[in-house]
Structure formats: C-alpha cells, structure tokens
Amino acid sequence: RKSAKYKRHSDSKKSGLADYLSGESFDVSSITYSTNIDNLFYVPCGFFEENPTRVMCSPSMETFVNDVKGHYDIIILDFPSVNTVPDAKVVSNLVDGIVLICALGETRKRQLKDAKRIIAPFTDKYYGLVVNKVYMDQYKYFARDYDYYLTNEQGEQNLIHKEGYKKFVKRQQQKGQESENDKKTTP
C-alpha cells in the first residue's frame, strides 16, 4: 500500500505489483529489482489506482504468485497488519505459510488475539510469531549467545571468541571429514 518512497529501495523504480496486477506488465522480470544482497530481489508495490484489496482478489494475483514461485525458491509477501486491512487475509489461500510480526511494547495482546482470530481459517499455514524491537538488555536475558550476530565498527562479525562458534566450526570440520571418508569408501 505504501509507495517506494517509504521503503529503503531505489526511488527510480516505477513499475511494481500494481502494474502486473492491472495488466500493464505481463512479465515478472520487468517488475523485479535486485538489492545489494546476492540472490535477494524485491517487487515494489507500484501505484494502485483502485482499492488494493480488490485488485489482490483478482485472478491476476494468483497468476503473479504462481509466476514468482517458478522463478524463486522463497517468496515473502509483506502486508500491513491483518487487523488494519484485509490484504493479507485475501491472499492467505495462495501462500504456503503465515508469520505474524509484532513489536515488543507496541503491539497489544488484544491486537495479537484479533490477528489470530482473523487467520484462524488458515491455522494449518500458521508458522508462528516474530517479536521485534526487543531491547538488548531484554534479549540478553532470554538468549544465551545474544550477541552472536552483532558486528564490529567495520561491519564484520567477531565470532572467534564465541564458544558456540567454536563448536560450529568443529561440527563443520567433522562433517567434512565424514564426507571425505564416504567418498573414499564409495566405489
């Protein structure tokens, strides 16, 4: 629903999902843009001239989902809150799984209960809940290796001192040795 200017992507990209769904663009590759992360692409929303929910109910949305499934391994459809607009509920029958996102200290219990009620017809597709905006001191309390993914000033992970990282490296080395042994014994 929000145009590209609200996202952290290039403003020069004009075509998006709305263009595909309205029939102006018939090729997924013409609305797909690369990012600075290898093998990560995105489709901007484009500009919806009519109600987005109505457009997403159209057969074009099912065609879009099938087209992208043919080109990519994992597809993430990012929608506004199911409590706010019905967009996510409308396409729930087209997806393999549903993940709810909430913000610690901002999302109310009532909102979570309402969201669970809204997606109740799709409970077989419900993968779980992601809680974001957790303060580091709260996260430290619940996670043993809370700083595993933190980076230094140069943007590099400093994992050498981490016990978990050492165990990970040891497991990888053992797997490598096992696969070499398997190759030697295989005729």
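1. Ground rules. In this predicted model, local features need pLDDT of at least 70, side-chain atom pairs need pLDDT 80 or more, and totals for chains, interfaces and linings use all residues. Residues are numbered from 1 along each chain, and side-chain values use heavy atoms, without hydrogens or water.

2. The second largest pocket. Its volume is about 200 Å³. A pocket is an open set of points on a 1 Å grid where a 1.4 Å probe fits, with protein on both sides within 12 Å along at least five of seven lines; lining residues have an atom within 4 Å of a point. The volume is the space filled by probe spheres set on the points.

3. Its lining. Among the lining residues are Ala18, Phe47, Glu49 and Arg54. Helix H1 (17–21) and helix H2 (52–56) each give two or more residues. H1 gives the most, with 3. Helices here are DSSP runs (H or I, at least four residues), and strands are runs of E of at least two.

4. Aromatic pairs. The whole structure holds 3. Ring centres must lie within 6.5 Å; planes under 30 degrees apart are stacked, over 60 edge-to-face, the rest tilted. Tyr33 and Tyr42 form a tilted pair, at 5.9 Å and 45°. Both are buried (under 20% relative accessible area; exposed is over 50%, partly exposed in between, with a 1.4 Å probe and protein chains only).

5. A link across the chain. The ring centres of Phe41 and Tyr72 are 5.7 Å apart with planes at 45°, so this pair is tilted too. Phe41 sits in strand S2 (residues 41–42), and Tyr72 in the loop between helix H3 (59–71) and helix H4 (87–91), 31 residues apart. Phe41 is partly exposed at 39%. Tyr72 is also partly exposed, at 26%.

Methods:
Rings of Phe, Tyr and Trp (its six-membered ring) pair if their centres lie within 6.5 Å; planes under 30 degrees apart count as stacked, over 60 as edge-to-face and the rest as tilted.
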